[in-house]
Amino acid sequence: MNERAPTGAETSLLSLPPTHRQTRWAIAVAVCQVAAFALVAPFARTQLAEINAFIPAFEGVIFVTDLVTSVLLFSQFAIYRLRALLVLACGYLFSALMIIPHALTFPGAFSPTGLLGAGLQTTASLYWFWHLLFPMALLGYGLLGNEKSDPGPAEPSLLAVVVGSVALVLTLACGLTLLATAGNNYLPVLFADRVGFTPEARLAAATTMLLSVSAVAVLWLRRRSLLDQWLIIVALAALLEMALGAMFVSGRFSLGFYAGRLFSLLTSTIVLVVLLVETMRFHANVARSKERKIRRLVDANILGICISNLGGAIIEANEAFLRMLQYSREDVVSRRLRWTDLTPAEWREQDERSVAELRSTGAFHPVEKEYFRKDGSRVPTLVGGALFEKSGDEGVIFALDLTEHKRAEGALRESERKLRQFIESVPCQFWSAGPNGEPTYVNQRLLDYFGMRGIEVQEHHHRLAGVHPDDIPETERALDHAFQTGESFQHVNRLLRADGVYRWHRAHAECLRDHKGDIIHGPLHWKTRGGRLPVLQPSDGNASAVRRVM
């Protein structure tokens, strides 16, 4: 038998393998059943007092347990869509429904001859129907146990399957009840009087026992799951019940009769107990798994995490949060840390908006703010949070230290400032543009030459704007060639100055390339008459070229 511990993927009772502990428990219950049978069997014919109220009281308990078990099994079927679970659920529902007419028609329970117009054979026939079809359900479960839980696209709706199954079982129970009452005279003679059995009763019990033995055999051969293991115990209890209640006794109200009902209670409660215990165990494991995952996230110290309340008290914090603010675990334990005290005055209005958002939605969107460190310095952070319960007071705050990010932003801005300062200081006219030809940067010398402002360049730009009409065709061909091949572009043409005079210029351009070395298609940069200057690339990431004009 597969006895390995269950993994997270094995949550269905049909795939959850039993542990060594669970197997030992099942063996112990089976041994106790056989031992109890061996002790009672020699004295099974001993007649005891007639307790007419015993049957309705005892079967009322079995009705409740069978009904609850069937509901739980139907819920399992709704989750995993396994026909084996559906058959088993129908078996327990049938067992619960058959208890009702059996108790009502039992002689002496509610009337001397039983209700519903019961005859002498009615109660015994109902008992036989009840204990004949239940082992068949166990057998059907065992034969269907190898199916997969992937529903096909043509499967009927879940509600239709469950409702149809319940209706079918209800119809079957009603039909058998009608047969046992209205057809009393046509049924096999199982009782000679209201107490004594006939040989036919033992033959009927033998057929039921044969089905129980078949169920035990099938379940034993496919015993892979925890449910398989306990259903073997159920089938064994059903077998011993029929042996004590019909084979080793001669009639009702004997020791075997009463003891057999105890085995009936065992068949009714075993699966219910297993379902309840394993459901609770499953949810406990899920809760512990979630707790472990959350704890691992907190302890990973990837970002600062603290638990606090809306009043400002910090209840718990991980090492990343404490390290970011230069506080210790003792500061948290002593309740000296309050996020309201750690927030500079200019950020408190932002905190008030975040708290209002928390109260209305249960969470607030990440915002940038600063906290005071223990030494009085400030740390920039990106903060987000959520309440554990929407109407609650406590929640979790996530804080990401932005110190390095802000430092990198400052360095980038300084680098861009130096580059622009360098470009503006070079006695050339520069122009950078993106792949669509739109200018991304124009230095002041170029604006002064054309007599334009930056906004005018962006609104009225064309890559050959200002070129003398006679020079445009040749310049266009040279530029296209540079775009296609990535070769340097050098050309002499005339550009229109702000005073309306065309001046000759020597233009030079280089295609820019991305980090893979591929050409970024777009305008190039120009260089006018005079010595060749090194190519200057703009800092803007989408620029594809730099144009210089002297």
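1. Secondary structure. The protein has 16 helices and 10 strands. Both are DSSP runs numbered from the N terminus: helices are H or I with at least four residues, strands are E with at least two. This is a predicted model, in which local features need pLDDT of at least 70, side-chain atom pairs count only at pLDDT 80 or more, and totals for chains, interfaces and linings use all residues. Residues are numbered from 1 along each chain as its sequence is written, and side-chain values use heavy atoms, with hydrogens and water left out.

2. Burial and surface. Of the 550 residues, 46% are buried. Buried means under 20% relative accessible area, exposed over 50%, and partly exposed in between (1.4 Å probe, protein chains only). The protein exposes about 27700 Å², with 62% supplied by carbon and sulfur atoms. Areas come from the Shrake-Rupley method with a 1.4 Å probe; for residues, only the protein chains shown count as cover.

3. Main core. The largest nonpolar core holds 79 residues. Such a core is a set of buried Ala, Val, Leu, Ile, Met, Phe, Trp, Tyr and Cys residues joined through side-chain atoms within 4.5 Å. Leu-88, Met-98, Leu-138, Leu-231 and Val-234 have the most contacts inside the 79-residue core. Helices 1 to 8 each supply at least two of its residues. Helix 7 gives the largest share, 16 residues. Leaving aside neighbours within four places in sequence, Leu-88 is in contact (heavy atoms within 4.5 Å) with Leu-73, Leu-138, Tyr-141, Leu-227 and Leu-231.

4. Second core. A separate core has 22 residues, among them Leu-310, Leu-337, Tyr-371 and Ile-397.

5. Hairpin. Strand 8 (residues 489-496) and strand 9 (residues 502-509) pair in the antiparallel sense over 8 bridges. Pairing requires at least two DSSP bridges between the strands. The two strands form a hairpin with 5 residues between them, and Gly-500 in the turn has a positive phi of about 90°. Arg-494 stands opposite Trp-504 in strand 9.

6. Salt bridges. There are 15 salt bridges, each a side-chain nitrogen of Lys or Arg within 4 Å of a carboxyl oxygen of Asp or Glu. Arg-494 meets Asp-471 at 3.0 Å, N to O. That pair links distant parts of the chain: Arg-494 is in strand 8, while Asp-471 is in the loop between helix 15 and helix 16, 23 residues apart. Both Arg-494 and Asp-471 are buried.

7. Helix 12 pairs. Arg-353 and Glu-349 meet at 3.4 Å, N to O. Both lie in helix 12 (residues 348-361), 4 residues apart, about one turn of the helix. Arg-353 is partly exposed at 47% relative accessibility, and Glu-349 is exposed at 54%. Asp-351 bridges to Lys-369, with the closest N and O atoms 2.9 Å apart. Asp-351 is in helix 12 and Lys-369 in strand 3, 18 residues apart. Asp-351 is buried at 10%, and Lys-369 is buried at 3%.

8. Backbone points to check. Most residues other than glycine have a negative phi. Phe-253 has a positive phi near 65°. Phe-253 lies in the loop between helix 7 and helix 8 and is buried, at 1% relative accessible area. Gln-326 also has a positive phi, about 65°. Gln-326 sits in the loop between helix 9 and helix 10 and is partly exposed, at 37%.
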